[in-house]
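Please view the sequence and the model together, and then follow the points below by topic.

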Amino acid sequence: MAANLSPAVATIIAPPMAADRLSALPDTVLQHILSYLTVKEAPHTSVLARSWRTLWRQADVVNMDTRSYMDIGYDGVEAGRRLFRDCLAAIHAAGRSPVRRLNCHLESPYQTDYLEGVVRTTPGMDAVLAAPAVQDMEELSVVLRAEFGGDGRDYVLATSRVPCHRLRVLNLQGCTLGPPGTASFGRLETLRMVLCISSPENLQALLDTAPNLTNISLRHVSFTAGALLRCPEALVSVEMTHCHTTEGIYLDAPNVRFLRYKGYLEHFPFRSKKTSGRPIGMQHLVLSFCKPWYCHDQPLGETEPHAIFWESIGSFSRLRVLKLKLPYINHIAVQPEQEGMFLNMFPHLKFLQIKGSCELDSNGAAVAIANFLYCCPAMQELRLKFQLHGDPYALHYATIMRSDERSAQLDQEKSMESLKRLKSKMSSCPCYGDYDNDCADDVGLSALKARSFPCLVSHLRRIRLEFELERLNCFEVKIAKFLVQNADILEEMEVHDGNQKVYDHIHHSIRLILH
């Protein structure tokens with residue numbers, strides 16, 4: 001009989017005595033195991049033993065998955081008919097326990113018309129959501145995924161039909177958010193939307209009925225228009241990734257403490273002038289700013305990038321963690337004569353991470369680093385990752401240099417550097433050795449050497465540097481030298497230089513890790 005079962009069920013009953021060993025486990029453990037099976041697989045477990053005949057009905061998780069019907073081929077209508085037939089039979093089965101979590105995974109290895117055939121089946125998803133067994137569910141996940149195509153238009157989730165009075169988690173992917181109608185999501189805590197379509201009005205209507213929403217994640221969500229969304233006061237965590245297909249989606253969420261944002265700098269979600277109050281309690285920021293392929297190296301809009309950036313984060317005075325990724329570090333640099341206009345202090349910030357390129361303007365990059373060292377007087381850990389190119393479409397001479405020529409060049413520079421150190425007898429130097437005369441002047445670090453930084457004097461203990469070493473007197477090595485020389489209580493420094501070509505003397509109190 002096992003030959004006629006799905007691979008998942010066949011695995012459970014092989015070897016022959018496996019069912020007896022599983023039967024010795026507590027029912028709660030067995031129900032947890034069964035919660036991973038689909039509506040097609042779970043009923044088959046009733047043949048394993050007498051005690052298993054009704055066990056699958058006691059599991060509080062129902063999984064719908066079109067991948068269980070791939071033997072049908074390209075016929076999405078037939079796959080949908082069997083899927084919803086099996087699901088409705090499972091949730092209407094006698095002795096069915098209330099469903100706590102409902103997972104609907106519709107995936108197509110073909111074109112989107114396969115998914116269209118599945119979701120247009122009657123009875124379909126509406127009948128599932130109307131079943132008595134799912135009226136008290138706490139988690140709902142609806143995922144539509146097509147290998148070729150798929151833009152979220154294949155299925156509209158009518159949230160007015162979702163059993164919502166106990167719902168805590170709503171996870172949507174690849175579908176359109178419909179109007180909520182009179183539905184009230186009073187217990188909803190987490191909302192996730194990936195590759196979805198929504199009008200600002202529909203999402204706002206849902207938010208208005210979810211006073212206990214604490215987490216919202218919007219990833220690649222296409223909005224029909226830009227808008228300012230009023231969020232519940234309970235909201236503390238926000239993720240927004242590439243939701244910039246319109247003129248911007250902004251948030252009025254004064255109690256947010258964690259933000260992960262990836263998108264255009266101009267569309268920073270708390271930049272709107274219409275908000276009643278920015279989240280002054282923000283503690284953790286993870287920011288990744290990108291730029292359109294068509295903008296080349298020119299900043300977008302009339303306002304300079306550094307003004308937008310510091311205006312956007314300047315009010316977060318309670319910030320403790322900042323992780324920043326941007327195409328070019330120099331774009332957010334504030335020159336000394338403008339510091340009073342743009343810079344704000346972050347007295348509680350302990351961890352700072354910056355990723356970006358200094359290719360265009362290393363002097364500007366040094367100014368930006370100096371800005372952060374000045375504004376973060378209590379910083380304890382600093383991570384700098386220098387990328388070769390801020391523009392992913394750019395082509396640099398170093399990327400097309402033959403690897404053997406580059407290796408030979410680096411080895412020659414290393415040999416010359418070692419000879420210089422021997423001749424100068426600087427073996428006891430606590431930092432990187434001197435380079436050639438041009439490098440010895442530390443051109444480009446004037447912004448860093450122009451003032452002292454409290455964090456270097458009494459707080460900074462750990463530093464991590466990542467860069468692709470092109471030459472031993474490059475800007476990144478100068479930064480490393482400056483930090484080692486000036487961080488008075490530095491305990492640990494990691495240097496990831498790509499080709500493991502950094503060789504030098506380090507102060508005995510510092511542990512340097514070379515990669």
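In this predicted model, Arg168 and Glu138 form a salt bridge, with 3.2 Å between the closest N and O atoms. The pair links distant parts of the chain: Arg168 sits in the loop between S4 and S5, and Glu138 in the loop between H6 and S3, 30 residues apart.

**Salt bridges**

- Arg168 counts as partly exposed because its relative accessible area is 26%, a value that lies between the limits of 20% for buried and 50% for exposed.
- Glu138 is likewise partly exposed, with a relative accessible area of 26%.
- Asp208 forms a salt bridge with Arg230, and the closest N and O atoms of this pair are 3.9 Å apart.
- This second pair also links distant parts of the chain, since Asp208 belongs to helix H7 (residues 200-208) and Arg230 to strand S11 (residues 227-230), 22 residues apart.
- Arg230 is partly exposed, at 47% relative accessibility.
- One network, joined by salt bridges that share partners, holds Asp60, Arg100, Glu138, Glu139, Arg168 and Glu189.
- Another salt bridge is formed by Asp126 and Arg161, whose closest N and O atoms are 2.1 Å apart.
- Asp126 lies in helix H6 (residues 125-129) and Arg161 in the loop between strand S4 (156-157) and strand S5 (169-173), so this pair ties together parts that are 35 residues apart in sequence.
- Asp126 is partly exposed, with a relative accessible area of 37%, and Arg161 is also partly exposed, at 48% relative accessibility.
- In the whole structure, the search finds 21 salt bridges.

**The nonpolar core**

- The largest nonpolar core has 143 residues, and the members that touch the most others are Leu102, Met125, Leu140, Leu287, Trp310, Leu373 and Leu448.
- Helix H10 (residues 362-375) gives the most to this core, contributing 9 residues.
- The core lies between domain 1 (27-295) and domain 2 (305-390 + 444-514), because both domains give residues to it.
- Leu140, one of the core members named above, is in contact with Leu102, Met125, Leu129, Val162, Leu167, Val169, Leu170 and Asn171, when neighbours within four places in sequence are left aside.

- Helix H8 (residues 305-313) is mostly covered, with 8 of its 9 residues buried.
- The buried residues of H8 are Pro305, His306, Ala307, Ile308, Phe309, Trp310, Ser312 and Ile313.
- These buried residues pack against strand S15 (284-290), strand S16 (321-328), helix H9 (339-342) and H10.
- In helix H5 (residues 112-119), the buried residues are Tyr114, Leu115, Gly117, Val118 and Val119.
- The cover over the buried residues of H5 includes helix H4 (76-91), strand S2 (101-108) and strand S3 (139-146).

- Ile197 is part of strand S8 (residues 197-198).
- At 11% relative accessibility, Ile197 counts as buried, because buried means under 20%.
- Apart from residues up to four places away in sequence, Ile197 touches Asp151, Gly152, Arg153, Cys175, Thr176, Leu177 and Ser222.
- Ile197 and Gly174 are separated by 23 residues in sequence, and their C-alpha atoms are 7.9 Å apart in space.

**A nonpolar surface patch**

- Leu25, Val29 and Ile33 form a nonpolar patch on the surface, and together they have about 190 Å² of accessible area.
- Leu25 is placed in the loop between helix H2 (18-23) and helix H3 (27-34).
- Leu25 counts as partly exposed, at 33% relative accessibility.

**The chain as a whole**

- The secondary structure comes to 16 helices and 21 strands.
- Of the 515 residues of the chain, 52% count as buried.
- Among the contacts with a separation of 6 or more, 68% are between residues 24 or more positions apart.
- The chain has an accessible surface of about 24,000 Å², and 51% of this surface belongs to carbon and sulfur atoms.

Notes:
Residues are numbered from 1 along each chain as its sequence is written. This is a predicted model: local features need pLDDT of at least 70, side-chain atom pairs count only at pLDDT 80 or more; totals for chains, interfaces and linings use all residues. Side-chain values use heavy atoms; hydrogens and water are left out. A nonpolar core is a set of buried Ala, Val, Leu, Ile, Met, Phe, Trp, Tyr and Cys residues joined through side-chain atoms within 4.5 Å. Buried means under 20% relative accessible area, exposed over 50%, partly exposed in between (1.4 Å probe, protein chains only). Helices (H or I, at least four residues) and strands (E, at least two) are DSSP runs, numbered from the N terminus. Domain bounds come from an automatic or database domain assignment. Contact means heavy atoms within 4.5 Å. Accessible areas come from the Shrake-Rupley method with a 1.4 Å probe; for residues, only the protein chains shown count as cover. Patches are made of residues with over 30% relative accessible area and no salt bridge: like charges are joined within 9 Å, nonpolar side chains (Val, Leu, Ile, Met, Phe, Trp, Tyr) within 5 Å. A salt bridge is a side-chain nitrogen of Lys or Arg within 4 Å of a carboxyl oxygen of Asp or Glu.
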